[in-house]
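Me: I have a structure open and would like to go through it piece by piece. Can we start with the inside and work outwards?

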Amino acid sequence: MFEIGEFVIYGLNGICRVQDITHIDMAGSSKDTLYYLLLPVNNAECKVYVPVDNDKVTVRKVLTDKEAWELIDEIPKIDEMWVQNDKQREGIYKTALKTCDCRELVRIIKTSYTRKQERLKQGKKATATDDKYLKQAKENLYSELAFVLGKEKSQMEELISEHFRIKQGEIIS
């Protein structure tokens with residue numbers, strides 16, 4: 001169970017602060033059911049009520065600073081997704097996004113980016129599916145990393161690239 005004041009990732013709503021744990025008086029809901037009142041960080045006017053025993057949408061704690069850096073270090077080792085059929089790929093991307101697993105987001109980013117580069121080399125455009133899920137995966141991943149590391153989301157791609165340039169310099173030296 002999460003505590004009031006904690007930050008969590010809630011499905012595709014992203015980072016939310018647990019404002020309260022309460023019962024709600026609403027038609028169709030049990031008076032005995034406890035709910036988290038979540039306030040999305042990026043939408044101050046939104047309130048989300050989620051049953052504490054929710055098993056339909058992923059709710060997890062945000063990464064810690066240490067976990068964020070471990071994930072960044074692990075990025076080169078995370079495999080891409082390879083599915084030939086575009087319809088199946090979209091389903092796999094959707095499923096991966098719903099897990100709210102940062103490693104799955106990295107897999108989407110790496111796969112979409114690689115596919116885009118390959119298509120450009122062939123004189124083709126990137127597919128709308130790859131572009132859509134690349135954008136969403138970056139949004140979700142970079143938002144969480146930026147929040148945890150105290151950076152701007154717009155800085156995350158460069159921060160990750162710079163991190164690897166430094167690490168490679170350490171290994172080569």
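Me: Which residues touch the most other members of the largest nonpolar core?
Reply: This is a predicted model. In its largest nonpolar core, which has 32 residues, Leu71, Ile108, Leu141 and Leu145 touch the most other members.

Me: Which elements give two or more residues to this core?
Reply: Helix H1 (65-74), helix H2 (86-99), helix H3 (102-121), H4 and helix H5 (156-172) do. H4 gives the most, with nine residues.

Me: Zooming out, what order do the elements run in from the N terminus?
Reply: The order is β-β-β-β-β-α-α-α-α-α. That makes five strands and five helices in the protein chain.

Me: And what does the C-alpha trace span along its principal axes?
Reply: About 60 × 40 × 25 Å. The accessible surface of the chain comes to about 10900 Å², and carbon and sulfur atoms account for 50% of that.

Me: What share of the 173 residues is buried?
Reply: Buried residues make up 35% of them. As for contacts with a separation of 6 or more, 54% are between residues 24 or more positions apart.

Me: Now H2. How many residues does it have, and how far does it reach?
Reply: H2 has 14 residues and reaches 20 Å from its first C-alpha to its last. That is close to the 20 Å expected at 1.5 Å a residue.

Me: Which residues in H2 are buried?
Reply: Arg89, Tyr93, Ala96 and Leu97 are buried. Seen down the axis of H2, the buried residues fall within an arc of 100°, so they line one face of the helix.

Me: Why would residues three or four places apart in a helix point the same way?
Reply: An α-helix has 3.6 residues a turn, so residues at that spacing point the same way.

Me: What covers the buried residues of H2, and what is on the face turned away?
Reply: The cover includes H3 and H4. The face turned away from the buried side carries the exposed residues Lys87, Thr95 and Lys98.

Me: What caps the N-terminal end of H2?
Reply: Asn85 does, with a side-chain oxygen 3.0 Å from the backbone nitrogen of Gln88. Just after H2, Cys100 takes a positive phi of about 60°.

Me: Next, Asp130. Where is it, and is it buried or exposed?
Reply: Asp130 is found in helix H4, which covers residues 128-149. Asp130 has a relative accessible area of 1%, under the 20% cut-off, so it counts as buried.

Me: Which side chain does the side chain of Asp130 make a polar contact with?
Reply: That of Tyr93, at 2.7 Å. Tyr93 is one of the buried residues of H2. Not counting residues up to four places away in sequence, Asp130 touches Arg89, Tyr93, Ser112 and Arg115.

Me: What lies 3.0 Å from the backbone nitrogen of Asp130?
Reply: A polar atom of the side chain of Thr127. Thr127 is found in the loop between H3 and H4.

Me: Is Thr127 buried or exposed?
Reply: Thr127 is buried, with a relative accessible area of 14%. Leaving aside neighbours within four places in sequence, Thr127 is in contact with Arg115 and Arg119. Thr127 and Lys116 are eleven residues apart in sequence and 7.5 Å apart in space, C-alpha to C-alpha.

Me: Last one, Asp65. Where is it found, and what does it touch beyond four places in sequence?
Reply: Asp65 is found in helix H1. Asp65 touches Val148 and Leu149.

Me: How accessible is Asp65?
Reply: At 42% relative accessibility, Asp65 counts as partly exposed.

Me: And how far apart are Asp65 and Lys110?
Reply: They are 23 Å apart in space, C-alpha to C-alpha, and 45 residues apart in sequence.

Technical notes: Residues numbered from 1 in each chain as written. Predicted model: local features only at pLDDT ≥ 70, side-chain atom pairs only at ≥ 80, totals over all residues. Heavy atoms only, no water. Buried < 20%, exposed > 50% of the residue type's maximum accessible area, 1.4 Å probe, protein only. Polar contact = N/O pair within 3.5 Å; in protein donor to acceptor, adjacent residues only side chain to side chain. Contact = heavy atoms within 4.5 Å. Core = buried A, V, L, I, M, F, W, Y, C linked by side-chain atoms within 4.5 Å. Expected span 1.5 Å × (residues − 1). Arc of directions from axis to C-beta. Areas by Shrake-Rupley, 256 points an atom, 1.4 Å probe, with all protein chains shown as cover.
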